[in-house]
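Subject: Structure handover

Dear colleague,

Please find below the structure that I am handing over to you, and take a moment to look through it before reading on.

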Amino acid sequence: MKRALVTGITGQDGRHLADLLTAKGYQVFGLIRGQANPKAEMILDENPALELVDGDLRDLSSLIAAVEQVQPDEVYNLGAISFVQLSFKQAELTAEITGLGVLRMIEAVRIVGGTDNNPIRFYQASSSEMFGKVRETPQSETTPFHPRSPYGVAKVFGHYTTLNYREAYGIHASSGILFNHEGPRRGLEFVTRKITNSLARIKLGLQDEISLGNLDAARDWGYAGDYVEAMWMMLQQDVPDDYVIATGETHTIREFLDVAFRIAGYDSWEPFVKHDTRFDRPAEVDLLMGDASKAKAKLGWTPKVTFEELVRMMYESDLAIETAKMEQGR
Ligand code: NAP
Ligand code: GDD
């Protein structure tokens, strides 16, 4: 039975990856931080086969202890401050966790190492946010980086740290440059889930409007369930490498609103959306669109869920959640 250690286990991707690896017969260990992390119960209910291990990406000795305890075949480093807007307000903490956290995690892998004939394989959750003010469209593994947020800068550090450990120490370390991926488990702070959740509440008469920032930004949005498969595929290769994972399609926030409100049975979203400057960013990433042809050729990976299917899945899930809450009087 293969053993995997996943950081960021309580996050959207950690939960999808735990399900995928469990279904593949892995024993999955999730790194959990804090004294009584309120999300621990929820993820254990969701995946009872999961085991939790204490640790924090700010604390190297806790990471070494976790790797020693688990003796993993594979480590997936998904833990981060992942909300770009928050990274502008807490830039130092973002550098600490999203940036230096990668160095600590891969250093723990280097120190513990695994056996000579079974060295630990490492996956780093890099991001399309590294492309920032994009130099070309679509963006591929060879597109230069120009990050536009403290989060993007920290991810560039983590990305190059992963490459450096691969080149310097021969670690089987791969970096997935993943474009935005969403789904019903997406945090409510991100724009897609904020829209589908608010829309469900508008439909049920619980809310009147949605306050949003820049509606003109364009993102390459895929489904998280498809994207965690790519993470696993990268670690099954003989040779570690870096891969862009994306759909190759781009849509503005306006287009997301068009599709979501149409699915919910409205002719127009304009009467329900108001602009709130609190959601504008000091520097914006205007356009992301990925070229995942390397992942298709080398990993055999392609996305399955379409943009419309993704929006529908998220809206229907939020409608069911909000209806259940309403019926329970919450
Ligand atoms: P997410 O839902 O925000 O989850 C972030 C996870 O990081 C949570 O489990 C959180 O734990 C954990 N974490 C935060 N601080 C930590 C610390 N000090 N020590 C250990 N763990 C800590 O993010 P996601 O959407 O699943 O994304 C997973 C990874 O992929 C992140 O690295 C993100 O930056 C990257 N990424 C995401 C996307 C995307 O579109 N989703 C695209 C490209 C890259 P708590 O619950 O305890 O806070
Ligand atoms: N969150 C949010 N809230 N975003 C808004 C809002 C709002 O009210 N209004 C407009 N937006 C715009 C943002 O300005 C941005 O251009 C776009 O919607 C997407 O914002 P997010 O959903 O917060 O995602 P992100 O693209 O900044 O970052 C996500 O994707 C990255 C990959 O490109 C995160 O998951 C990152 O962790 C990830 O690396």
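Predicted model: local features only at pLDDT ≥ 70, side-chain atom pairs only at ≥ 80, totals over all residues.

Residues are numbered from 1 along each chain as its sequence is written, chains are lettered from A and ligands numbered from 1 in the order in which they are written, and side-chain values use heavy atoms, with hydrogens and water left out.

The domain assignment, which is automatic or taken from a database, divides the chain into domain 1 (3-182 + 222-245) and domain 2 (191-218 + 250-288 + 307-329). The C-alpha centres of the two domains are 28 Å apart, and 17 residues of domain 1 are in contact with 14 residues of domain 2, where contact means heavy atoms within 4.5 Å. About 1,300 Å² is buried between the two domains, with carbon and sulfur atoms giving 63% of it; buried area is the accessible area (1.4 Å probe) that two parts lose on being put together, summed over both. On the side of domain 1, Gln85, Arg148 and Glu182 lose the most area to domain 2, and together they make up 40% of what that side buries.

Between the domains there are zero salt bridges, a salt bridge being a side-chain nitrogen of Lys or Arg within 4 Å of a carboxyl oxygen of Asp or Glu.

Turning to ligand 1, there are 27 residues around it, of which Thr10, Asp13, Arg33, Ser82 and Tyr151 come nearest, counting a residue if one of its heavy atoms lies within 4 Å. A backbone N or O atom of Gly11 lies 3.0 Å from an oxygen atom of ligand 1, and a polar side-chain atom of Lys39 is 2.9 Å from an oxygen atom of the ligand. For Asp56, an N or O atom in the side chain lies 2.9 Å from a nitrogen atom of ligand 1.

Finally, the structure as a whole holds 21 salt bridges. One of them joins Arg185 and Glu46, with the closest N and O atoms 3.6 Å apart. Because Arg185 lies in the loop between strand E9 (181-182) and helix H7 (191-203), and Glu46 in helix H2 (residues 40-46), this pair ties together parts that are 139 residues apart in sequence; helices (H or I, at least four residues) and strands (E, at least two) are DSSP runs, numbered from the N terminus.

With best wishes

Terms used
Polar contact = N/O pair within 3.5 Å; in protein donor to acceptor, adjacent residues only side chain to side chain.
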